[in-house]
Amino acid sequence: TKQKLWGGRFTGTTDPLMHTFNQSLAYDQRMHAADIKGSIAYAKGLKRVGILTEDEEAKMIAGLEAVGKEWEDGTFEPAPDDEDIHTANERRLSELIGPLGGKLHTGRSRNDQVATDMRLWLLEEIKDVENGLRELIRVMVERADKEKDYLMPGYTHLQRGQPIRWSHLLLSHAFSFRNDLERLQQLIPRVSVLPLGSGALAGNPFVVDREFLAKELGFQSVAENSLWGVGDRDFIVEFLMWSSLAMTHISRMAEDLIIYSTAEFGFVTLSDAYSTGSSIMPQKKNPDSLELLRGKSGRVFGNMAGFIMTLKGLPSTYNKDLQEDKEPLFDALVNVSTSFKIAEGVIATLDVHPEKMRKALTMDVLATDLADYLVRKGIPFRETHHISGRAVALAESRSCQLNELTLADYKTLNDKFSEDVHEVFDFEASVERRQAIGGPSRKMVDRQIAVLREALRG
Ligand code: ARG
């Protein structure tokens, strides 16, 4: 059998199952472009410190580009002994350019190499995730703007509470996503730290110019400690935590829409594009898209919890356990970016039924407004809350709505009630009274839309 890259000190062969157990190429090949990019920068770094001549540097770069092209064209042929993307690329490079390929790894270790690849790869992916998130927010804001006037009950404890605008509810979720966008941008400086030049653990004896490497690869800063450089995976934990929180927001929004799409509520209907049927019950239209969004959030959280467990007991610097950083990260990434796209599609194609929302608005959701009415007549709120509660009880005992009680009825509860009490029973007016920042009045919904649009510009 051909010798492994690290085979010099070995006489025995690897157990076949161990060979497979150890291999990460099946999943880390998705970092092929980052690996080539990192190696090209490193070749330039080696030339600058005299390890490579100008001619060797040019040959090396051309070789690396050729290997990269094979990956892009789908013609790269892995060899049985390719352990990971790093060994695969180096093996192929040497096949293409001969012994010169063996100079590339001078002063470098797969430890600083893999940490560099992961960071480079994640930085690229974050751009996509960010775009997906922006699109989702945009669709929500547009929808809220168009459907600003639909009124519905707002709920606490899933019990009808006070009237709100549908747009206000939609925007409440958008604000969670706005913060996710902010948080995502804030973690970039901690991902964008260059490990390359940390060597296996103790730095680079050929004094490669790490600031040059950082510039070549677009990193914002350089790992200041080589042990940390090869051993740190906090940037992955942070991204997984970020993903878990963003998915939590997706999940809560999905849950709202699942409830609203039941026949019992009937506020929204999912488009066919995002629903499925039942194999036995012909009438069914199930919100599978929303349920999967809710379900994926558990899975992404699992990736985070699992990987942080992998890290917690590790000694300093590189340990092979760190190879377990990849699958949770890759899985989270795929699921988060797909979830944003699905959520965007669901929201964009949703059928909203304002008349059903309106119907769910029963007069009892104006009980707070009734108490507020008496507050305006000078009675302390704690008393008016009680009086309004008695009005609710009275209406309930007569199986009627608050607006069906007569002025005489109201007078029995408090003599400050007068003819104008009937102005309370107007949902639109209730919502419009809420003119303080953050409220569901038209003006304040417009303000929210403006704030979010501004965030999208940033
Ligand atoms: N495939 C390895 C990983 O993903 C690369 C680093 C291997 N380094 C080592 N010293 N075995 O972590």
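Predicted model: local features only at pLDDT ≥ 70, side-chain atom pairs only at ≥ 80, totals over all residues.

Trainee: Which helix gives the most to the shell around the ligand?

Mentor: Look at who surrounds the ligand: the list includes Asp84, His86, Arg110, Asn111, Val114, Tyr318 and Lys320. Now check those against the helix that spans residues 110-146. With three residues in the shell, the top giver is helix α6.

Trainee: Where does the shell lie relative to domain 1 and domain 2?

Mentor: Take domain 1 as 7-106 and domain 2 as 116-204 + 220-359. Both give residues to the shell, so the ligand's shell lies between them.

Trainee: Which residues touch the most other members of the largest nonpolar core?

Mentor: That core has 90 residues, and the two that touch the most other members are Ile137 and Met140. Its largest share, 14 residues, comes from α6. At least three residues come from each of domain 1 and domain 2. Setting aside residues up to four places away in sequence, Ile137 touches Ala174, Phe177, Arg178, Leu181, Leu452 and Leu456.

Trainee: How many residues are in the other core that lies apart from it?

Mentor: Among its members are Ala391, Tyr410, Val421 and Val424. The count for this separate core is 13 residues.

Trainee: What percentage of residues 8-302 is helix?

Mentor: In an unreviewed entry, UniProt places "domain: Fumarate lyase N-terminal" at residues 8-302. The end C-alpha atoms of that stretch are 40 Å apart.

Technical notes:
Residues numbered from 1 in each chain as written. UniProt positions renumbered as here; feature names shortened; annotations may be inferred. Helix = DSSP H or I, 4+ residues; strand = E, 2+ residues; numbered from the N terminus. Near = placed C-beta within 6 Å. Domains from an automatic or database assignment. Core = buried A, V, L, I, M, F, W, Y, C linked by C-beta atoms within 7 Å. Buried ≥ 20, exposed ≤ 12 C-beta atoms within 10 Å, placed from the backbone. Contact = placed C-beta atoms within 7 Å.
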